[in-house]
Every structure is written in C-alpha cells, then in structure tokens.
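Work through the exercises below with the sequence and the structure open. Try each task before reading its solution.

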Amino acid sequence: MLRRRQYVFNEVAALYDEVRPGYPPAIIDAAIAQARLPSGGRILEIGCGRGLLCTYLALSRPTRSVLGVDIDPARIGQAQQVARTLPNLDLDYGVAESGRVPAGPWDAILVVDMLYLLPVAQQRELLTAAAAELAPGGLVLVKEMSAAPWYSASPAPTAAACGSV
Ligand SMILES: C[S@@+](CC[C@H](N)C(=O)[O-])C[C@H]1O[C@@H](n2cnc3c(N)ncnc32)[C@H](O)[C@@H]1O
C-alpha cells in the first residue's frame, strides 16, 4: 500500500504531461517573489519530475545553481535531456530514494505538488530532513494543490491579477 501510494503518480505520468501546462511566468514570478526565493545560491527541488520548475528557475536567474531530484528515473531522464540543451546553466538532476535529501547547505529547498503522495509521517520526516540541510537563512518552500487556489489558469492570468495575492 505504501509503495503503491509513492509510485501512484507514475501510473498517470504520461497523462499528467499531456494536460499539465507550463508555469505561466506571471504566476510563477509572483509566487517566487511572495516566497522570497533567492535570486542566486543553491536551490534544490525534491520531486522535480521532468524539471519544469528547475528549468524555469535556472533560466530566469542564471546566478542560481539548481539541482532537481526525483524517485522516478524516467522523469529524471527527461529532465536531463532538457538540461543538456542548456549547457550554460548550472542545472543538474539525479535520482534520489524517497526521503533522502542531498547534502546541503541549500539556500532554498522546494517541494512542489509532491508532498501529497507521501503518508503524513513521511511528509514530516522529509521536511525535517530538508530543514536540516538548509544554509543559514535558507527556506523550505512547499506548494500543494488546493480546492480554493489563489489563481486560476483560465483565462490566462495577468501580472496585475497576480498582484492581488
Ligand atoms: C505531480 S509530480 C510534480 C512534479 C514537479 N514538482 C512539477 O511541479 O512539475 C510529483 C513528482 O513527485 C515524484 N515523487 C513522488 N514521491 C516522491 C518521493 N518520495 N521522493 C521524491 N520524488 C517523489 C514523482 O515521481 C513525480 O515526479
């Protein structure tokens, strides 16, 4: 059951790729600003999937050093394929066991739309382990799904709309 829960996403990964939009810059920039994500330094994403967010973070601020990890080797393979087309960026990926946080210090650790796939006890363990790998002043940023989101992707959001967050 536990294993099934952790790997359940893989069963719908292809469909997710098909319907998942990219990150609209106005929305992601507003969220990044609100979270005070550093514009440089070492950034880790746990559960990075095919690297949509890591790619955006590295492209938007080449001063960032970005590492994405995921339990799914196929997703990491996809992410690495994209990273190879962006050789000037400090952008890397790796497969990680569930619950393992690569050694810091990290200026920010992101967990985006992934925590819900873990049982509550493992969520706590992961966040505790992440916090232990932060640089002084670093932050752990968690984004999860909500039944009442503060934005809607349809119609396309504008920067003005995001400003009311
Ligand atoms: C819904 S996707 C989100 C991917 C990415 N964060 C994004 O926003 O596009 C969830 C991802 O979490 C990964 N995942 C699930 N359990 C994990 C775990 N215990 N450790 C690391 N990654 C995990 C899955 O393989 C999948 O790539």
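**Exercise 1.** In which strand is the place of G94? State also whether G94 is buried, exposed or partly exposed.

Solution. The model is a predicted one, in which local features need pLDDT of at least 70 and side-chain atom pairs count only at pLDDT 80 or more, while totals for chains, interfaces and linings use all residues. Residues are numbered from 1 along each chain as its sequence is written.

Step 1. G94 belongs to strand β3. Strands are DSSP runs of E with at least two residues, helices are runs of H or I with at least four, and both are numbered from the N terminus.

Step 2. A residue is buried if 20 or more other C-beta atoms lie within 10 Å of its own, exposed if 12 or fewer, and partly exposed in between, with C-beta atoms placed from the backbone. G94 counts as partly exposed because it has 14 C-beta neighbours inside 10 Å.

Step 3. Two residues are in contact if their C-beta atoms, placed from the backbone, lie within 7 Å. Leaving aside neighbours within four places in sequence, G94 is in contact with V69 and I76. From C-alpha to C-alpha, G94 and V69 are 4.9 Å apart, although 25 residues separate them in sequence.

**Exercise 2.** Give the order of the strands in the open sheet, and say which are the edge strands.

Solution. Step 1. The sheet has 5 strands in the order β3-β2-β1-β4-β5, with parallel pairing. Two strands pair if DSSP finds at least two bridges between them.

Step 2. β3 (90–95) and β5 (134–143) are the edge strands, since each pairs on one side only. On average, neighbouring strands of this sheet are turned by 15° against each other, direction ignored. Axes are lines fitted to C-alpha atoms, for helices over the stretch in contact, and angles run from 0 to 180 degrees between N-to-C directions.

Step 3. Helix α5 (residues 73–84) packs on the sheet and touches β2 (64–70) and β3. The direction of α5 makes about 160° with that of β3.

**Exercise 3.** How many bridges join β4 to β5, and over how many do β1 and β4 pair?

Solution. Step 1. Strand β4 (residues 106–112) is joined to β5 by 6 bridges, and the two run parallel. W106 stands opposite L134 in β5.

Step 2. β1 and β4 pair in the parallel sense over 4 bridges. E45 has L110 in β4 as its bridge partner.

Step 3. As for cover, 6 of the 7 residues of β4 are buried.

**Exercise 4.** Which members of the largest nonpolar core touch the most other members?

Solution. Step 1. A nonpolar core is a set of buried Ala, Val, Leu, Ile, Met, Phe, Trp, Tyr and Cys residues joined through C-beta atoms within 7 Å.

Step 2. The largest one has 27 residues, and I43, I46, C54, V66 and I109 touch the most other members. Elements that each supply at least two residues of this core include β1 (41–46), β4 and α6 (120–132).

Step 3. Apart from neighbours within four places in sequence, the contacts of I46 are V69, V101, I109, V111, M114 and A130.

**Exercise 5.** How many residues surround the ligand?

Solution. Step 1. The ligand is surrounded by 18 residues, the closest being G47, G49, D72, S98 and M114. A residue is near a molecule if its C-beta atom, placed from the backbone, lies within 6 Å of it.

Step 2. α1 (2–11) and α4 (52–60) each supply at least two residues of this shell.
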